[in-house]
Amino acid sequence: MKKLLYMASFLALVFTSCDPMEDAYDEVDAANAQKVIDAKFFSDKTVIETGYTLTEEDYALSSNETVSSYKNFSGSATVADYLPEILTNKKLYGEAGVEYTVNYNFYRGYSDAFAGYKMKHEVSQAEYDVVNDVVKTLGAYTSNFSASSQIPTLLEAAVSNPVKGDVLRIEALQASKSIDAIKYLVMGADEYTVIIDAVKADDAKKHLVEAKYGTSEYYYGANSYNKNYDARTSKWAAYDAYKNMAENDLKDLIYDRMVESMILVLKNKYPDATIQDASGNEITYVVKYDVYDGSASTKYLRFKCTAEGDALDFARLGSMYINSVYEFYAYDGTSWGVEDTVYRLTSDDYDAMGTDSGYPGKYNNFSTSDEPAHYLPVWLNNTYKYEEDGATKIVAYILYHNAGDKELLASEYTFSKEKGWYLTPTTVVGSSLVAYKDKTWLFVPPIKFVVSEKAATVTFTLSSDDYAFVGNSQYGNFDEDEAVVLEKLAKIIKNNYEVAVGDVYAVTYKYYNGSVNDVTVILEAVEDI
């Protein structure tokens, strides 16, 4: 029985005893498993050897729509937030403890001196409304209440807390005539129908109504479907009444008929029209209408009431134009006024760029076919040859649009002794440091560390992982020159902490100089300009 008990105890001992190598085997297995995982993870990735420059295609890997669309970073779509994910999605990786420089496009915007010249304030209807009833009705300034006289007051209300030197580009609508009282008629489908109905009702004219749809006629040229006057002489000449007329005579007739038809509409719309308003101001009746003569245009005619009541009648005063006007305004610390320090191209300047057809000097402006970017660098190089590197100049000029507007614009140019004057770029090449840790890319803030005597805000002692991070894992200490040690400490701090300017770190590390000793250094984070 005793033998059986001894044997049972022996067997129990055998089966419950641990293999002394079991833990080592487990570590090896774990290490091998990790190697397999790592090999699989890195199998489709490319290592960065020294640094990297983003390609145009790389920006599409960003989750930020602005970055992917404009192919740059900016103050709102920051490098810190979106560069690491591009590198990750690009399937790039790096070595632990190494900082890599990555180059990219950065949108910095316009310079402080120039930004205001690109900031537009377009006068709103609400801002026209507060001037007077005429300006409110037209949605435009008039000659007697001009944009130049009204905009300084407008800006006082529109711009809060202006600073001396602030500049804005103002866009407003300006009518070419003075008006004291107004009635404003916009020709629409109903108004053109009034004209067409009048032609249909007249036996001597009704044959000039287009037969197929009945929405146009060629006594006055009214078209209720297109809501315009058809002034194409080719269409009018198709009728016997006009086919033998000279081109210019037919054009004059068409214009006179349009005026006649507008008087017809005015009588219909304003049967109680008066010559003056209650204040004794003569009322100007403004008609806005559209004309198609091969191209579409909007025009204005002014009328006055010449007789009231049963003898109601109107007479043409003349045409009127409402155009966009542009101007730069600056705040001088007290009030707003027209900006007068920026250089504005003169007639002689435009002439120097060529006076033949197709050149700026022909009409003293640029256009979509005579672009300022083509001419201004050459003009600047001829005019300002001996500037210092980095000098800038803002030039204002007129740009003609096909619609007829002449827009006041400005561009900023920078001088380089190497390449002369060039358009100051809003997007430049930037570079930042990144580091690869735990299979993840990290942005390295543009901060450097300086030895300081300030009180520490963070105190820590280097761990074995810290030494390994910067390649000193073998002995777990430093033996390099002081500058190298400080550089490695900076990398460790950035790796371990969310560093901000002003943070002060007391770092204790081991240093070998014949023997190993503990050393403590205080490092302050400052902006790396």
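The model is predicted.

**Helix α13**

- Six residues of the helix are named as buried: Pro372, Tyr375, Leu376, Pro377, Trp379 and Leu380.
- Among the strands are β15 (343-344) and β16 (366-367).
- Also in the packing are β17 (392-400), β18 (406-416) and β19 (420-423).
- The helix that packs against them is α12 (347-352).

**Helix α8**

- Which residues of helix α8 (residues 147-158) are buried? They are Ala147, Ile151, Pro152, Leu154 and Leu155.

**A four-stranded sheet**

- Strands β5, β6, β13 and β14 form an open sheet, in the order β5-β6-β13-β14. The pairing is mixed.
- Which strands stand at the edges? They are β5 and β14. Each has a single partner strand, so one side of each is left without a neighbour in the sheet.
- From one strand to the next, the twist averages 40°.
- Strands in a sheet pair through backbone hydrogen bonds, and they can be parallel or antiparallel.
- β13 and β14 run antiparallel, and three bridges join them.
- Tyr331 stands opposite Trp336, which is in β14.

**Salt bridges**

- Side chains of opposite charge can pair when their charged atoms come close.
- How many salt bridges does a search of the whole structure find? It finds 13.
- One of them joins Glu191 and Lys269, with the closest N and O atoms 3.2 Å apart.
- Glu191 lies in helix α9 (residues 189-200) and Lys269 in helix α11 (residues 247-269), so the pair ties together parts that are 78 residues apart in sequence.
- Is Glu191 buried or exposed? Glu191 counts as buried because its relative accessibility is 10%, and the cut-off for buried is under 20%.
- Lys269 counts as partly exposed, at 33% relative accessibility.
- Lys205 and Asp202 also meet in a salt bridge, 3.6 Å from N to O.
- Lys205 is buried, with a relative accessible area of 17%. Asp202 counts as partly exposed, at 25% relative accessibility.
- The side chains of Lys206 and Asp203 form a salt bridge too, 3.2 Å from N to O.
- Lys206 is partly exposed, with a relative accessible area of 43%. Asp203 is exposed, at 62%, and the cut-off for exposed is over 50%.

**Positive phi**

- Most residues other than glycine have a negative phi.
- Asn364 is not a glycine, yet its phi is positive, at about 60°.
- Where is Asn364 found? Asn364 is in the loop between α12 and β16.
- Asn364 counts as partly exposed, at 29% relative accessibility.
- Lys439 also has a positive phi, near 60°, and is a residue other than glycine.
- Lys439 has its place in the loop between β20 (427-437) and β21 (440-444).
- Lys439 is partly exposed, with a relative accessible area of 30%.

**Val102**

- Val102 is found in strand β4 (residues 99-107).
- Val102 is buried, with a relative accessible area of 0%.
- Val102 and Thr53 are 49 residues apart in sequence. In space, they are 5.5 Å apart, C-alpha to C-alpha.
- What is Val102 in contact with, leaving aside its neighbours within four places in sequence? Its contacts include Tyr52, Leu54, Leu83 and Leu87.
- Val102 is also in contact with Gly430, Ser431, Ser432 and Val434.

Methods:
Residues are numbered from 1 along each chain as its sequence is written. This is a predicted model: local features need pLDDT of at least 70, side-chain atom pairs count only at pLDDT 80 or more; totals for chains, interfaces and linings use all residues. Side-chain values use heavy atoms; hydrogens and water are left out. Buried means under 20% relative accessible area, exposed over 50%, partly exposed in between (1.4 Å probe, protein chains only). Helices (H or I, at least four residues) and strands (E, at least two) are DSSP runs, numbered from the N terminus. Two strands pair if DSSP finds at least two bridges between them. Axes are lines fitted to C-alpha atoms, for helices over the stretch in contact, and angles run from 0 to 180 degrees between N-to-C directions. Contact means heavy atoms within 4.5 Å. A salt bridge is a side-chain nitrogen of Lys or Arg within 4 Å of a carboxyl oxygen of Asp or Glu.
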